[in-house]
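Here is a short briefing on one protein. Look over the sequence and the 3D view, then work through the points below.

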Amino acid sequence: MDFSFNEEQQALAALAGRIFADRAGHERLRDLEAAGEGFDRELWAELARANLLGAALPEEVGGSGLGLLELCLLLEELGRHLAPVPLFPALVLGALPLAEFGSAEQRGRFLPALVRGELVLSAALQETGGVAPERPRTAARRAGADWLLDGEKVCVAAAPEAERVLVPARTGEGAVGVFLVDPRAPGVSLETQRATNREPLSRLTLSGVRVPGSDVLGDPALGAAVVQWTLERALVGLCAVQVGVAEEALRRTAEYTGSRRQFGRPIASFQGVALRAADAYIDVEAMRSTLWQAAWRLAEGLPAEREVRAAKWWACRGGQRVAHTAQHLHGGIGSDVDYPIHRYFLWAKQIELTLGAASPQLARLGALLVGAAEARP
């Protein structure tokens, strides 16, 4: 069986890599950080001109008609270059579920403008206290043809820039809806939070926020399935970013240890350094294998929650080990925030914690395996 990527997929990854390399170098990132900017709008516009924002969206909305595998390749390049653009929230959390479950009017209203780089989308999946995204505390109640939302979401990416934020909310006993919330609407409050990797996130508070019936995604009682569908792709998207982060951190570490000399020879030749680097390489390959297994199953419409949870576990544990190895083998210079390797450590840690760290993933995976075993005759 051939597991290699086809020419179109390779071309997409190469194009994204060139754009990120040209516009997301160390100096550019340093300047944006100094200015307090977490969104490089020039880079976003360049990605739109290359039609990369529409890579996984249908041709009818201006996209390329590709799929999740191609989107993961794009996200991997994002992680490799630590690019400060909201590809993950806009495309994975916002555009994919809108394309899958949205009405023709909703898709036409938002997706072509997203492909052109004119707007951003996001989703608010997390609440405090470890609440499962598909069982939110945030509540929605009917008000005629509209809905009124009350609740609080945390760690919402790109909320101030978003045209709409997809918000899961309880609509009744055991019922969940997904609502397209305007973050500038009356009753919406945004409080800035700062992620480990310095990304600006938001605490989104909803106090009687009115959402038109036309801005409900699918059936307002059956949104739990929409949230679960989105969550699986969100976890895979995070894994793709983490593979790019870890692989580039390891590449930079190999380059550094190959040129840094001690006792008359490169430190890469020391046994302790070589063993740490070899373990990190194994972690990267395990992360890559589990990522593509999960992504392929989702792309083929196959059940994939076990594979998704396994991939996220590897992204958490493997990403953490690789980041620590990269930091350690750089020695003192790894602690210098003017030197780029520290960013890979921060990104790896942030991805590890987003939507559940290693222990929750392992607990969920164990429950799935036990359930499968009990279901056997």
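The secondary structure of this protein consists of 11 helices and nine strands. The model is predicted. The points below go from overall form to one pair of strands.

**Size and form**
- The chain of the protein has 377 residues, and a compact globule of that length would have a radius of gyration near 21 Å.
- The protein has 21 Å, so it agrees with the globule rule.
- Along the principal axes, the C-alpha atoms fill a box of roughly 80 × 60 × 40 Å.

**Inside and contacts**
- Of the 377 residues, 53% are buried. Here, buried means under 20% relative accessible area.
- Take the contacts with a separation of 6 or more: 71% of them are between residues 24 or more positions apart.

**Surface and charge**
- The protein has an accessible surface of about 16,600 Å².
- Carbon and sulfur atoms account for 53% of that surface.
- There are 40 positive and 46 negative side chains.
- The centres of these two sets lie 5 Å apart.

**A hairpin to find in the view**
- Start with strand 6, residues 188-194, and strand 7, residues 200-211.
- The two strands run antiparallel, and seven bridges join them.
- Together, strand 6 and strand 7 form a hairpin, with five residues between them.
- In the turn, R198 has a positive phi of about 75°.
- As a general point, side chains in a regular strand alternate between the two faces of the sheet.

Technical notes: Residues are numbered from 1 along each chain as its sequence is written. This is a predicted model: local features need pLDDT of at least 70, side-chain atom pairs count only at pLDDT 80 or more; totals for chains, interfaces and linings use all residues. Side-chain values use heavy atoms; hydrogens and water are left out. Helices (H or I, at least four residues) and strands (E, at least two) are DSSP runs, numbered from the N terminus. The radius of gyration is taken over C-alpha atoms; the globule rule is 2.2 Å times the number of residues to the power 0.38. Buried means under 20% relative accessible area, exposed over 50%, partly exposed in between (1.4 Å probe, protein chains only). Contact means heavy atoms within 4.5 Å. Accessible areas come from the Shrake-Rupley method with a 1.4 Å probe; for residues, only the protein chains shown count as cover. Lys and Arg count as positive and Asp and Glu as negative; His and the chain ends are not counted. The place of a charge is taken as NZ of Lys, CZ of Arg, CG of Asp or CD of Glu. Two strands pair if DSSP finds at least two bridges between them.
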